[in-house]
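Thanks for coming. Please look at the sequence and the structure on the screen while I talk.

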Amino acid sequence: MEQTPCDRRLATIARHLNSPRSEIDGGSSISRLVTSADGGRSSDSVFNHVVRAPEDPILGVTVAYNKDPSPVKLNLGVGAYRTEEGKPLVLNVVKKAEQQLVNDRSRVKEYLPIVGLAEFNKLSAKLIFGADSPAVLENRVATVQCLSGTGSLRIGAEFLARHYHQKVIYIPQPTWGNHPKVFSLSGLSVKTYRYYDPATRGLDFRGLLEDLGSAPSGAIVLLHACAHNPTGVDPSLQQWEQIRKLMRSKRLMPFFDSAYQGFASGSLDEDAQSVRLFVADGSECVVAQSYAKNMGLYGERVGALSIVCKSADIASRVESQLKIVIRPMYSNPPIHGASIVACILRDRQLYHEWTVELKAMADRIIRMRHQLYSALQERGTPGDWSHIIKQIGMFTFTGLNSKQVALMTAEFHIYMTSDGRISMAGLSSATVPHLADAMHAAITHVV
Ligand code: KET
């Protein structure tokens with residue numbers, strides 16, 4: 001069909017907006033295409049060349065959801081826990097800890113040290129490595145409080161880019177969409193290793209071993225500690241042991257992302273087993289922890305980066321360099337969220353209450369998996385949907401393609417990432433039928 005000048009113009013804009021370069025600098029041609037609606041004021045702006053960047057593939061889903069006036073709309077994009085009533089949840093134990101903090105008249109709002117709250121750091125290391133971990137007891141772990149999981153990954157990556165001899169990091173294919181950006185902006189070069197097999201909807205263990213086996217000696221390897229995002233597929237403990245053996249034999253550096261401790265199995269200890277396996281052999285290891293999901297402290301931005309070293313002296317030198325990374329970025333971390341976490345982790349009773357609430361969240365997600373699976377069975381939706389109940393953690397990697405997702409959003413007001421990932425934590429018994437209807441329609445109408 002003949003293209004009109006208008007079609008050509010739109011195509012050019014679309015090309016610009018879709019090119020990765022346009023996220024940062026759109027080049028000059030795009031600005032010439034934009035006509036100003038403000039009487040020419042923007043044309044003499046020094047920022048006139050700035051091109052609108054695309055929304056984030058995950059957080060942008062919430063932006064689109066917020067704009068939709070439909071009463072049946074459902075946000076299954078971001079991994080954020082919702083109650084059966086579809087409401088965000090502030091854990092009771094968090095409310096209690098906050099009350100304690102308010103009641104404590106001795107508390108002040110001074111700056112924290114660059115590395116954050118010392119007690120929080122110690123307790124965070126114990127939480128992930130185990131209270132009796134030799135690495136913790138021997139002070140071989142450098143832990144710094146960071147801005148949630150993302151900030152911990154970033155500080156860890158910046159440190160490795162400056163002080164580790166290998167600048168290449170292998171990330172699983174697929175992985176959380178922010179990983180490649182965090183690592184490449186830190187100065188590491190990003191490569192992928194095979195992880196997920198779409199045919200079996202399970203782990204591509206052979207591919208994983210082959211790719212890590214042919215990685216250069218010393219390469220960094222990003223591992224999801226549990227509840228792999230987006231696939232919901234984790235190695236078994238035996239497979240973890242094989243991965244560990246291979247990685248140690250090639251001196252590959254494990255960099256664990258632990259954003260879901262407690263969310264996979266409902267048990268904090270069980271979900272830390274992969275990390276503990278690596279730490280137990282006495283070699284180095286890097287771990288980024290987040291309290292966003294397991295304590296529901298999303299907006300408080302609380303997390304920790306730990307670097308397990310071979311001696312206390314090395315750990316203290318590593319910590320001194322982490323301070324050099326942190327100081328010019330944000331100087332020192334915020335006090336409130338870390339104080340909540342420290343209150344809960346230090347107090348036996350509160351800690352116990354936390355584990356009960358955490359288990360309840362994990363169990364509700366598992367219930368949603370069973371309800372969705374049954375609802376698709378009832379509808380006779382074509383295909384094998386058993387992966388919905390087999391996958392682990394917050395997400396189901398449905399296998400729906402981007403066109404099917406687009407239909408679910410357009411016709412059913414269901415919002416999710418275009419890779420077909422749904423956040424099971426955003427689902428409730430009341431909304432399962434609506435989702436099942438949408439999935440059934442998408443599967444039967446769009447190939
Ligand atoms: N690692 C993984 C694997 C992860 O899924 C997230 C968040 C993070 C780190 C960072 O979380 P933080 O809030 O910085 O502690 N994932 C969800 C939210 C997001 O994309 O920011 C998500 O995938 O929906």
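I will go through the core, then some backbone details.

This is a predicted model, in which local features need pLDDT of at least 70, side-chain atom pairs count only at pLDDT 80 or more, and totals for chains, interfaces and linings use all residues. Residues are numbered from 1 along each chain as its sequence is written, and side-chain values use heavy atoms, without hydrogens and water.

A nonpolar core here is a set of buried Ala, Val, Leu, Ile, Met, Phe, Trp, Tyr and Cys residues joined through side-chain atoms within 4.5 Å. Buried means under 20% relative accessible area, exposed over 50%, and partly exposed in between, with a 1.4 Å probe and protein chains only. The largest core has 62 residues, and W354 and L372 touch the most other members. Helix α14 (348–379) is among the elements giving two or more residues; its share, 9 residues, is the largest. Helices (H or I, at least four residues) and strands (E, at least two) are DSSP runs, numbered from the N terminus. Domain 1 (59–89 + 360–445) and domain 2 (111–346) both contribute, so this core lies between them; the bounds come from an automatic or database domain assignment.

Now the backbone. Most residues other than glycine have a negative phi, and most peptide bonds are trans. The bond from Q173 to P174 is cis, with omega near 0°, and P174 sits in the loop between β3 (168–173) and α8 (179–185). R201 has a positive phi of about 55°, and at 27% relative accessibility R201 counts as partly exposed.
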